[in-house]
Amino acid sequence: MSKFLLLLFPVCAMIGCSQPSSDRKEKGKTEDGSPKVEEYIELNEEKKQWPLDFLMGKFDPEEHEDFIEIPEKYASRAGMFLKKEVFDAYLKMFEAAQKEGIDLVIRSATRNFDAQKRIWEEKWRGERPSAGKNARETYPDPVDRALNILLYSSMPGTSRHHWGTDIDLNSFDNYWFEHGEGLKLFLWLKENGPNFGFCRPYTALNEDRPTGYQEEKWHWSYYPLSSKLTKQAEEKLSDDMISGFLGHETATIIEVVKNYVLGIHPSCLQNQHSKRSHEQH
Ligand SMILES: [Zn+2]
């Protein structure tokens with residue numbers, strides 16, 4: 001455990017490092033100083049508050065009016081859901097990829113609290129391998145066991161997959177994205193994903209992203225929306241709220257919100273407008 005803590009760096013105020021809001025407001029003003037219509041909409045949208053239950057995945061995407069079932073043509077199986085605006089953006093990206101001979105397949109999309117709890121507890125009980133190990137047998141200490149599962153899986157209540165903004169594409173194996181067809185697809189996504197609003201939260205761990213899950217080359221996030229949800233998670237979520245599953249008591253020791261929810265690449269913290277501003281400079 002102490003070894004783990006030594007590896008952690010302060011997560012900077014990553015949210016605070018993004019585009020200052022005062023700058024955004026200035027850019028949105030017309031000559032007489034009043035905000036443009038689309039800027040009004042954007043500012044109001046930014047103020048939208050998602051209920052804590054939504055941030056923590058405590059809802060059924062099948063019943064939620066903002067969600068749509070992904071047609072099987074785009075996914076590896078039926079019954080997966082995304083927020084409508086995220087799916088719209090994904091469709092544009094999918095079609096652009098198709099034109100260049102790249103076949104994108106959604107392997108996982110929205111997972112609510114219950115779905116994440118199933119995955120977490122199967123790993124906790126050693127019924128499903130965790131990073132190639134039986135976590136229950138290998139790590140009798142609860143904190144060590146949680147840290148092993150946290151290499152690739154979120155604690156229920158803390159997953160970006162709760163929000164309907166994040167998708168896993170094509171393969172759950174980093175190696176696949178490093179050769180042949182997988183590499184071609186990955187390079188295309190890296191180059192073109194941001195133009196459609198998609199960023200990669202789980203890049204390799206380094207000084208840009210000092211804490212969080214291991215690299216996941218398959219995980220992409222629609223940042224115009226997920227950047228706002230991340231901001232609200234930072235403001236509203238605390239480690240002691242993370243409960244209702246086996247091993248939840250480790251959340252406060254590990255400081256899951258700071259080290260995992262906020263342990264993402266800074267490129268996922270900008271919204272569309274600030275991205276445009278960056279491009280202008
Ligand atoms: Zn994922």
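Where is Met 56 found? Met 56 sits in the loop between helix H4 (52-55) and strand S1 (67-69). Helices (H or I, at least four residues) and strands (E, at least two) are DSSP runs, numbered from the N terminus. Residues are numbered from 1 along each chain as its sequence is written. The model is predicted: local features need pLDDT of at least 70, side-chain atom pairs count only at pLDDT 80 or more, and totals for chains, interfaces and linings use all residues.

Met 56 counts as buried because it has 24 C-beta neighbours inside 10 Å. A residue is buried if 20 or more other C-beta atoms lie within 10 Å of its own, exposed if 12 or fewer, and partly exposed in between, with C-beta atoms placed from the backbone. Apart from residues up to four places away in sequence, Met 56 touches Phe 113, Gly 157 and His 162. Two residues are in contact if their C-beta atoms, placed from the backbone, lie within 7 Å. Met 56 and Leu 237 are 181 residues apart in sequence, yet their C-alpha atoms are 8.5 Å apart in space.

The protein has 281 residues, of which 35% count as buried. In soluble globular proteins, nonpolar side chains tend to be buried together. Here the largest nonpolar core has 47 residues, and Ile 70 is among those with the most contacts inside it. Such a core is a set of buried Ala, Val, Leu, Ile, Met, Phe, Trp, Tyr and Cys residues joined through C-beta atoms within 7 Å. Beyond its neighbours within four places in sequence, Ile 70 has contacts that include Met 80, Phe 87 and Ala 109.

The secondary structure comes to 13 helices and six strands. Four strands form an open antiparallel sheet in the order S3-S4-S6-S5. S3 and strand S5 (198-199) stand at the edges with a single partner strand each, so one side of each is left without a neighbour in the sheet. Two strands pair if DSSP finds at least two bridges between them. Two bridges join S3 to S4, and three join S4 to S6. Asp 168 stands opposite Ser 108 on one side and opposite His 219 in S6 on the other.

Helix H10 lies across S4, S5 and S6, at about 85 degrees to S6. Axes are lines fitted to C-alpha atoms, for helices over the stretch in contact, and angles run from 0 to 180 degrees between N-to-C directions. Among the buried residues of H10 are Tyr 223, Leu 229 and Ala 233.
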